[in-house]
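Welcome! Take a moment to look over the structure below, and then we will walk through a few of its features together.

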Amino acid sequence: MTTKTRSRTSSTIPFGFQLHPNNEHLLIENPEEKKIVDEVRLMKKSQSLRTLTKYVEAHTSRKLTPRGIQKIIKRSY
C-alpha cells in the first residue's frame, strides 16, 4: 500500500494529512485520521454535519466546523 503525498500549499495542515518527516513542503496521509475520514464519509448519509464534527472531535481531539467536515467529505485528494 502506498502513502499519498501532496504539496503543501498553506500553513494549515488539512485533516487527514501530516507533514512529511523529511520535507516540510510535502504532506503525507495520516493513517489514524484517514480512518476517521473514511468513517465520516460512510456516516454522512445518516448523520448531520454537526454530529459528524462531534464524532471527529471525540476520536481525534481536533475541532472542525460543519463546513470543514463538508470539505473533507467532498475532497478527492
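At roughly what angle do the axes of α2 and α3 cross? In this predicted model, the axes of these two helices, α2 and α3, cross at roughly 85 degrees and come within 8 Å. That makes α2 roughly perpendicular to α3, because angles of 65 to 115 degrees count as such.

Which residues make the contact? From α2 come Leu49, Arg50, Leu52, Thr53 and Val56, and they meet Pro66, Ile69, Gln70 and Ile73 of α3. By type, the residues of this contact are six nonpolar, two polar and one charged.

Helix α3 (residues 66–74) has a crossing with helix α1 (residues 31–43) as well: their axes come within 10 Å and cross at roughly 95 degrees. That makes α1 roughly perpendicular to α3. Here Val37, Val40 and Arg41 in α1 meet Ile69, Ile72 and Ile73 in α3. Five residues of the contact of α1 with α3 are nonpolar, none is polar and one is charged.

| Helix pair | Axes come within | Crossing angle |
|---|---|---|
| α1 and α3 | 10 Å | roughly 95 degrees |
| α2 and α3 | 8 Å | roughly 85 degrees |

Next, let us turn to charged pairs. How many salt bridges does a search of the whole structure find? The search finds three. One of them joins arginine 62 to glutamate 33, with the closest N and O atoms 3.2 Å apart. This pair links distant parts of the chain, 29 residues apart: arginine 62 sits in the loop between α2 (49–60) and α3, while glutamate 33 belongs to helix α1.

Finally, have a look at the largest pocket, which holds about 230 Å³ of space. Its lining has 13 residues, and those nearest the centre of the pocket are Pro14, Phe15, Gly68, Lys71 and Arg75.

Notes: Residues are numbered from 1 along each chain as its sequence is written. This is a predicted model: local features need pLDDT of at least 70, side-chain atom pairs count only at pLDDT 80 or more; totals for chains, interfaces and linings use all residues. Side-chain values use heavy atoms; hydrogens and water are left out. Axes are lines fitted to C-alpha atoms, for helices over the stretch in contact, and angles run from 0 to 180 degrees between N-to-C directions. Helices (H or I, at least four residues) and strands (E, at least two) are DSSP runs, numbered from the N terminus. Angles under 35 degrees count as roughly parallel, over 145 as roughly antiparallel, 65 to 115 as roughly perpendicular and the rest as oblique. Contact means heavy atoms within 4.5 Å. Ala, Val, Leu, Ile, Met, Phe, Trp, Tyr, Cys and Pro count as nonpolar, Asp, Glu, Lys and Arg as charged, and the others, Gly among them, as polar. On a 1 Å grid over the protein atoms alone, a cavity is a set of points where a 1.4 Å probe fits but cannot get out, and a pocket is an open set with protein on both sides within 12 Å along at least five of seven lines; lining residues have an atom within 4 Å of a point. Grid points are joined across faces, edges and corners, and a volume is the space filled by probe spheres set on the points. A salt bridge is a side-chain nitrogen of Lys or Arg within 4 Å of a carboxyl oxygen of Asp or Glu.
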